[in-house]
Amino acid sequence: MTSLPYYTWFLHVKQRQQIRFRLPFRRKEAVRPALNQLARRPADLPRFVQRSAVALRYLHLLGALDWTRFPERDLTTSWTMPPVPLAPFVAACLVKLNEQFVYMPQLHTYLVEHPALTWVLGFPLVLSRLAPWRFDAHASLPTARHFTRMLRKMPNSVCQYLLDETVRLLQAELSTEVDSFGHAISLDTKHIIAWVKENNPKAYVKDRYDKEKQPSGDPDCRLGCKRRRNQRVSSKEPPPTPHGNPVPANTISVAEYYWGYASGVVATKVPDWGEFVLAELTLPFNQPDVAYFDPLMADTERRLGFRPTYGAFDAAYDAFYVYEHFHRDDQPLEAGFAAVPRSNRGGKRRQFDDQGLPLCQAGLAMPLKYTFTCRTTRVEHERGRYACPLVFPEPTGDSCPIDHKNWPKGCITTMATSVGARIRHQLDRESTIYKEIYNQRSATERVNSLAVDLGIERPKLRNGQAITA
């Protein structure tokens, strides 16, 4: 017994005999119109396609995408066998996802069992006189192994184009339902564990977490930290310091390390509709979270056609340029901001006067003494040095009201001159609108939770190009 229907199996045997003994009948058909062009002219479809409910269903589902602008690879080569176009293969992969197939042989069998779907997707056909639909469905398809090879080598630009088209269709569909699609977004990253023995805790690997020793199973993956935490003391009294390793247990950092990648996702939530992905970027695991911000925001604005008004992020994005990105100079702070929990970086919370000058502990506005360019951080930016107003620009002769320990020299503080550095301290994280925006983070959390079901968290792939595709 086999899962392949008897009729299809015997027809495949007859077609194989024809190809073996009657080669003159094995010729290629002309290129057919794209899926979106076929969807606009259903009356011109062949009769066997019009009678196939499966083919018509996927023609309606995939025909909404603009396949005429698909970034097809160069098909004019001197190879003995002509290359398979990427557009039919990508459409077949979408069928695989919709049918929830796990393996490529399942997809290959499904296409052979539905020749009308093979015709609709646009695979180059091998004509045959024996089949009622006048082509050999099995010979027209690449092998399941070649399907897998194409998936590993597919460029990421193809996936980005599909995401462009998806966002375009969502905007057109939801324009009459909601007026705030994409105005509030959230960004988060999801780890992708590489398929290497270094990630297998049962395998003995010497220097498993040495970043200088690249795993042989994947040349592109990198070592990164998934999460880090300090040991917490359950009782009020600290545990005794061990004699062999005289380090307090409550100061030991515990972390989870993996070799792999991380996928950054920008999503938006539409009430009563769901969560939708607007941008995606995959980088090696050694890249920090803030490395995803600029490229993902640029892709999001390009697809939406405007800059989102609000953004929700975790504490890893507590940086001045994140707040500056969402701020509107001519509008109040609540009109557009980034909802980010304040981290412990940067010391205590600062206060500012109406001109944006920082206040010292005595409540005096500190004038700007000079500026300089900071090149030691990931984002090069301008920083300002602010001095005590009782000393700079000229001594006033007054004494410090609180008799600060730095007096009489006066206090000096340094911070970025960007408006985002000020908003980081002025943002009211207890307000209602802040909590509503911050709750948008559940959109990316739900999207990332699908990674486990789709196998994205632990892909069986061994290079960066295959992972990003």
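Modeller: The side chains of aspartate 66 and arginine 69 meet in a salt bridge, a side-chain nitrogen of Lys or Arg within 4 Å of a carboxyl oxygen of Asp or Glu. This is a predicted model, in which local features need pLDDT of at least 70 and side-chain atom pairs count only at pLDDT 80 or more, while totals for chains, interfaces and linings use all residues. Residues are numbered from 1 along each chain as its sequence is written, and side-chain values use heavy atoms, with hydrogens and water left out.

Biologist: What is the N to O distance in the salt bridge of aspartate 66 and arginine 69?

Modeller: The two side chains that meet here are those of aspartate 66 and arginine 69. Their N to O distance is 2.9 Å.

Biologist: Is aspartate 66 buried or exposed?

Modeller: Buried means under 20% relative accessible area, exposed over 50%, and partly exposed in between (1.4 Å probe, protein chains only). Aspartate 66 has 16% relative accessibility, so aspartate 66 counts as buried. For aspartate 66 the answer is buried.

Biologist: Which helices hold aspartate 164 and arginine 303?

Modeller: Aspartate 164 forms a salt bridge with arginine 303, with the closest N and O atoms 2.3 Å apart. The pair links distant parts of the chain, 139 residues apart. Helices (H or I, at least four residues) and strands (E, at least two) are DSSP runs, numbered from the N terminus. Aspartate 164 is in helix α10 (residues 156–174), and arginine 303 is in helix α11 (residues 293–304).

Biologist: Is arginine 303 buried or exposed?

Modeller: Aspartate 164 has a relative accessible area of 22%, so aspartate 164 is partly exposed. Arginine 303 has a relative accessible area of 8%, which means that arginine 303 is buried.

Biologist: How many residues apart are glutamate 99 and arginine 57?

Modeller: The side chains of glutamate 99 and arginine 57 meet in a salt bridge at 3.3 Å, N to O. Glutamate 99 is in helix α5 and arginine 57 in helix α4 (residues 53–62), so by the DSSP runs the pair links distant parts of the chain. The separation is 42 residues.

Biologist: How many salt bridges does the rule count?

Modeller: The count uses the nitrogen-to-oxygen rule given at the start. By this rule the count comes to 17.

Biologist: Arginine 208 has no salt bridge; which side chain of opposite charge is nearest?

Modeller: Arginine 208 is in the loop between β1 (184–193) and β2 (222–230), and is buried. Lys and Arg count as positive and Asp and Glu as negative, with His and the chain ends not counted. At 6.9 Å, the nearest side chain of opposite charge is glutamate 198.

Biologist: Which backbone oxygen lies 2.5 Å from a polar atom of the side chain of arginine 208?

Modeller: The backbone oxygen of asparagine 200 lies 2.8 Å from a polar atom of the arginine 208 side chain. At 2.5 Å from a polar atom of that side chain lies the backbone oxygen of alanine 203.

Biologist: What is phi of aspartate 207?

Modeller: Most residues other than glycine have a negative phi, and most peptide bonds are trans. Aspartate 207, in the loop between β1 and β2, has a positive value. Its phi is near 55°.

Biologist: Where is glutamine 100?

Modeller: Glutamine 100 also has a positive phi, near 60°. With a relative accessible area of 68%, glutamine 100 is exposed. Its place is the loop between α5 and α6 (104–113).

Biologist: What is omega for the cis peptide bond that joins tryptophan 407 and proline 408?

Modeller: The peptide bond from phenylalanine 392 to proline 393 is cis, with omega near 0°. Proline 393 is in the loop between β8 (381–387) and β9 (412–416), and proline 408 lies in the loop between β8 and β9. For tryptophan 407 and proline 408, omega is about 15°.

How values were computed: Polar contact = N/O pair within 3.5 Å; in protein donor to acceptor, adjacent residues only side chain to side chain.
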